[in-house]
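Here is a quick look at a helix pair and a pocket. Have the model open as you read.

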Amino acid sequence: MNISNELFEQLIGQQNVIINSKEKKIVVSAGPGSGKTYTIVKRISVELKSVHDYQGVIACSFTKEASKQLEEKLDILTDKKSSFIGTIDAFILTEIFDLFKNRFINFLGKTNCIEKLDISLPLTDSESNKLTKTGITDWNKSALSRYSDTWISNFIEGKYEISFPAYKYASFIIMKMDIVREYIKNKYTTIYIDEAQDMNDFQHLFLRTIISNCDLNCVLIGDKNQSIYEFRGARPNLFIDLKNQGYTEFAINISVRCHKSILDYSNIIADDKYKIERNSEINVVIDYSPTIDNLENKIDSIMILCDTNQMAKDFYVSLQDSDLNFIYTRSLIGELTNKEFSDNYLELIEEIIKFYLNYNNDNPLLVDSIEKYKIFLSNFALIRSIQDSQLLPVGSLIEYIEKISNIIGLSIPQSITSELQELLTNQIYLNHYRNFKNANRIMTIHSSKGLEAGNVFVVLRTFYRLDASYRRKLFVAFSRAKNFLAISYDVNSNITGSELDRILRANIKRL
C-alpha cells in the first residue's frame, strides 16, 4: 500500500458513499488505482440482491476489454441474474435491433421479414468514422442525415452496420415503440457505464434517451485525465458536463497504486488532482534512459513505454543481451496488407488469437474464460444459439481462426489467412496476445492503458504537443508506475521540446 491507514480509510469511505447512494443519476470521477471498477462492481452486486430473478442491470463499457473485466469481477461477487454485460454497441444490437428487427421494419411501413441480420463494421477511413469523430454539430447535420438514410435503407434489407446511426435509430425505437420501452423497463433497473470518459456524442444521445424513457437509474464512472480516444470520437467534456445535467457528482481522489511522488508528479498535468501524502523520497527522475545498467538493479516488474512501435522495437533489440527477459508486444495492426479487411475485423481476429493462446494458460489466474469470450464475440455476431463446445480451441491457431470465423459468418480472404499464418510464427506477435503475470514489457503508451508496473520508463522522442490531448496521454503513461518513474526524451527534437523540458524539470523541484 502506498498510502497511510488514515488515507486508506478515507478511500474506503469515498467508495462506500457511492456503493450505497440512493441517487437515481450518479457520475463518479475516479483516478488510476482508486478502485473504480471494484466500486461499480460492488454497487451492482448490492443492487442485484434486491431485484427479481427476471431482472438485472445493464453494465457497459466503451471498450470491449473493459467489458470483459466487468464480467469477470461480477462473476466473483454475485449472481448476475438477467443482467446484460458488454459494450453499448453489443447491447443495442442484441437487446434492441435483433429482438425487435421485424417489428421495427413493420413500424416503418415495410412488409419484408428478416431472419438474420448481416453484421458489418465501417472502414477506418470511412465517412461513418469521420462523422463519429466530428460528432453532432450544426454544420454536418446534412452529412449525418444522408449517412443515416443509407444506413436505415440497408437495415430494412437485413444489413446492420455497427456505426453511429445505430445509436440514433435505437433512440428512435425506444421513444416510438411501446413494446421496446416496456421490455427494457421490466427487465432492467439501472444502466452502469465504466470508462465513461470515452463515450462519444451518439452514445450520450442514446444514454439520455434510454434513461428518460425507460425509467432507468444511471451510474457513470470514469476519469477525464485518461481520455485518450478523441480520434474515435470520445468527448471528455461531455463526461465533465454531466454534473450540470441532473447527475449527482462523486469523486474517488485517492490512489493506492502509485508511490506518493509519482502521483504528485502526474498531478502536474492532470485536470483533476488526486490526493496523496508528501514523502521525502522522490521516485521520479528526468532524462534517464532505460539501459541495461540502470534496469538490472530494479526490483518488481519493469515497463518501457514508447511513443511509437519503432521506438519500442529498437529498445527490445538493444536489451536482447540482458537477463531481464523483456517481452516486446506488438499487435497485428498495420501488418496485414488487405486494409479493407483488417480495418473491419482485425479486433475480432486479435480476440480469437488471444482466447486460443490463453484458454489453457498454465496460470489459472490468467485463463481467458469462455463467458468473457462470448461477450466479446457478441459485438460482431448474434451468438445466442452457439454452444460453448463449438468455441473451444482445437487444431492449429490458423485452423481455429478459420473455424470461429465460419461460425459467426465472417469470410476471411485467402491472402489474409496466408499472411496470418506467417506472422503468427513470430513470438513478438504471439506475446502481444498472451497473458503474463509480472512480465517486463516494452510497448506503446496507448497499449499500456489499464496496465501497471513497479518501474516505468517513459520514452518521448516524437513531436511534442502540449495540448490537453497530449497531457492526458502523458498522465496515462506516468500513472502506470507504482514505485519508480523515469522520463527520457530528446529536448532538441523539435521547437517545443524546450517547453516540455522546462515543465518537467521545474515541477520535479516541487516535490
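A crossing is called left-handed if the near helix is turned anticlockwise from the far one by less than a right angle. Keep that in mind for the first part, and bear in mind that this is a predicted model.

## How H8 and H10 pack

Let's start with the helix pair. H8 covers residues 164–176 and H10 covers residues 201–213; their axes come within 9 Å and cross at roughly 15°. Angles under 35 degrees count as roughly parallel, so H8 and H10 are roughly parallel to each other. As for the hand, H8 goes past H10 in a left-handed crossing.

Which residues in H8 meet H10? On the H8 side they are Phe 164, Tyr 167, Lys 168, Ala 170, Ser 171, Ile 174 and Met 175. Their partners in H10 are Phe 202, Gln 203, Leu 205, Phe 206, Thr 209, Ile 210 and Asn 213. Sorted by class, this contact between H8 and H10 holds nine nonpolar, four polar and one charged residues.

## The second largest pocket

What supplies the lining? Strand S3 (84–87), helix H4 (88–97) and helix H16 (370–377) each put in at least two residues. H16 gives the most, with three residues. By class, the lining of this pocket splits into seven nonpolar, four polar and eight charged residues.

Key
Residues are numbered from 1 along each chain as its sequence is written. This is a predicted model: local features need pLDDT of at least 70, side-chain atom pairs count only at pLDDT 80 or more; totals for chains, interfaces and linings use all residues. Side-chain values use heavy atoms; hydrogens and water are left out. Axes are lines fitted to C-alpha atoms, for helices over the stretch in contact, and angles run from 0 to 180 degrees between N-to-C directions. Helices (H or I, at least four residues) and strands (E, at least two) are DSSP runs, numbered from the N terminus. Angles under 35 degrees count as roughly parallel, over 145 as roughly antiparallel, 65 to 115 as roughly perpendicular and the rest as oblique. Contact means heavy atoms within 4.5 Å. Ala, Val, Leu, Ile, Met, Phe, Trp, Tyr, Cys and Pro count as nonpolar, Asp, Glu, Lys and Arg as charged, and the others, Gly among them, as polar.
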